[in-house]
Amino acid sequence: MKYLSNVATLMLDREKCTGCGNCTEVCPHAVLSVRDKKASITDLDKCMECGACETNCPFGAITVDRGVGCAAALINSMLYGGEPSCDCSSSQSGKTTACC
Amino acid sequence: MTAIPLKFKDPVGPLKPEKPAPKWIEGTVATPAGPVYKASTVLSYRDYREHFRCRVSGYRDNFTIEPGVYAVGSPDGNSEVFVSANYKYSFDLLRQALHGLDGWILALDTKGINVWCAAGKGAFGTVELIKKISDCRLASIVEHRRLVLPQLGAPGISAHQVSKNTGFKVHYGPVYAKDLPAYLAAGRKASPDMRTVKFTIKDRLILTPMEIIPAMKNYPLFALIVLFAFGLQPSGIMFGDAFYGGAPFLILGLSAVLSGAFVTPLLLPAIPFRSFALKGWATGLLTVFAYHKLVAPSLVSPLPLTLISYIFFPSASSYIALQFTGSTTFTGMSGVKKELKYGIPLYITSIAVSLIIMSVYKLVEWGLL
């Protein structure tokens with residue numbers, strides 16, 4: 001299953017990459033692979049922008065505009081302002097709850 | 001159940017002498033840092049019932065355990081440490097997966113949110129992990145310096161920072177807790193299959209109740225508007241007209257909820273288009289078509305009403321299907337933003353056009369046009 005094509009904001013700086021492979025280990029969709037001691041993006045459309053690779057790259061070679069891929073969260077932030085967050089509380093208490 | 005000692009100095013785990021132990025605790029294990037609770041690795045009927053309630057109601061919003069160190073089996077200073085969240089569902093799946101193994105579980109305080117979502121928000125994060133390692137004196141409980149983390153915790157955890165600050169090396173385990181025994185047997189090596197997240201038809205089916213329930217919250221308001229629109233006459237509200245005239249739209253409204261919140265998620269990969277808005281719209285269109293051809297072929301519906309049914313209900317289904325982006329394992333923010341950019345103006349237009357057609361239809365019905 002793939003989402004929209006050519007929208008993911010994942011970027012890799014091959015100059016900074018040392019080929020350690022941490023990114024390939026944490027990516028849940030096998031977006032990245034390492035060949036000849038350099039990582040490369042093998043399938044950009046599979047990227048869901050979770051940010052695991054960026055956070056776990058010790059060399060700052062990866063950047064991605066991470067965030068919640070959730071329509072309800074984005075609509076709420078458009079309507080009421082603020083950062084989109086997983087806050088689709090099924091209770092009406094207004095507290096932050098488990099969702100995604 | 002082994003008796004829980006009521007007094008101890010400086011507990012490292014979540015033991016609170018004044019509070020009774022949860023039902024799934026089967027004793028305590030002594031460590032150099034103090035006693036910790038031992039969690040059962042067999043889930044009870046009660047646990048399963050709680051999991052079910054999480055899937056069909058807001059029960060999941062407050063389904064937590066005390067953060068801290070727990071033992072499973074009979075661990076010692078060389079046993080692995082598995083890091084998890086304090087959402088009980090996540091914790092339960094982990095302890096169940098560790099059946100027959102000896103280990104420690106370090107439950108972070110994720111405010112009752114599951115690992116993946118909490119990692120996205122940073123609650124399952126580097127700072128919290130470093131804090132828990134120190135608060136629970138993990139360095140005196142185990143002799144080694146390794147942690148096994150769920151792979152889906154990675155968006156929140158910077159492995160190199162954890163290692164720099166605590167001396168503990170982060171090993172990312174498999175995506176699914178059930179693969180842990182195989183991962184450990186392979187010497188902390190996850191196969192490419194264990195590293196990728198799935199989204200099977202069963203996974204999607206389990207999510208549908210919590211798609212349908214929120215969507216149905218708007219149904220009473222919708223029904224009220226429909227009944228009012230059909231019942232309204234110059235002489236007042238006619239209840240007979242409201243029900244007979246409104247019934248098809250009430251049925252189509254329910255169908256739109258089902259096509260957006262149930263059929264679209266369930267058949268997701270089989271429905272054409274990558275966009276969820278388009279998937280939901282296509283399913284909704286097919287539903288309306290099926291209604292006209294199969295359910296009510298003998299009813300001759302006035303053209304304006306047929307028109308509304310094809311304009312409004314597929315849009316409603318599309319909007320509801322778009323909400324499912326929040327529950328999938330593969331949709332990203334940039335894509336959803338793009339869908340909303342095109343979708344929202346179209347949704348507003350379809351509502352406006354439907355209202356205009358309905359008004360004209362009513363005016364003609366009343367002989368005013």
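Q: Is E49(A) buried or exposed?
A: In this predicted model, local features need pLDDT of at least 70, side-chain atom pairs count only at pLDDT 80 or more, and totals for chains, interfaces and linings use all residues. Residues are numbered from 1 along each chain as its sequence is written, while chains are lettered from A and ligands numbered from 1 in the order in which they are written. A residue is buried if 20 or more other C-beta atoms, placed from the backbone, lie within 10 Å of its own, exposed if 12 or fewer do, and partly exposed in between. Because 25 other C-beta atoms lie within 10 Å of E49(A), this residue is buried.

Q: What is the phi of E49(A), which is not a glycine?
A: E49(A) is placed in the loop between β3 (38–41) and α2 of chain A; helices (H or I, at least four residues) and strands (E, at least two) are DSSP runs, numbered from the N terminus. Although E49(A) is not a glycine, its phi is positive, at about 60°.

Q: Why does A30(A) count as partly exposed?
A: A30(A) lies in the loop between α1 (22–26) and β2 (32–35) of chain A. Its phi, near 50°, is a positive value in a residue other than glycine. A30(A) counts as partly exposed because the number of its C-beta neighbours inside 10 Å is 15.

Q: With which residues is C57(A) in contact, leaving aside its neighbours within four places in sequence?
A: C57(A) is found in the loop between α2 (52–55) and β4 (62–63) of chain A, and it counts as buried because it has 24 C-beta neighbours inside 10 Å. Two residues are in contact if their C-beta atoms, placed from the backbone, lie within 7 Å. Leaving aside neighbours within four places in sequence, the contacts of C57(A) are N22(A), C23(A) and I62(A).

Q: What pattern does chain A follow along the sequence?
A: Chain A contains 3 helices and 4 strands. Read along the sequence, they give the pattern β-α-β-β-α-β-α.

Q: Over which residues of chain A does pLDDT stay under 50?
A: The mean pLDDT (the predictor's confidence in each residue, from 0 to 100) of chain A is 85, and 85% of its residues reach 70 or more. Where pLDDT is low, the predicted coordinates should not be read in detail. In chain A, pLDDT stays under 50 over residues 89–100.

Q: Which helix gives the most to the side of chain B that touches chain A?
A: The contact takes 48 residues from chain B and 44 residues from chain A. On the chain B side, α3 (115–121), α6 (159–166), α8 (192–195), α14 and α15 (333–365) each supply at least two residues. With 7 residues, the helix that gives the most is α15(B).

Q: At what angle do helix α12 and helix α14 of chain B pack?
A: Helix α12 (residues 239–266) and helix α14 (residues 303–323) of chain B have axes 8 Å apart. Axes are lines fitted to C-alpha atoms, for helices over the stretch in contact, and angles run from 0 to 180 degrees between N-to-C directions. The two helices of chain B pack at an angle of about 35°.

Q: How far apart are the C-alpha centres of domain 1 and domain 2 of chain B?
A: Chain B is divided into domain 1 (25–197) and domain 2 (202–365), with bounds that come from an automatic or database domain assignment. The distance between the C-alpha centres of these domains of chain B is 42 Å.
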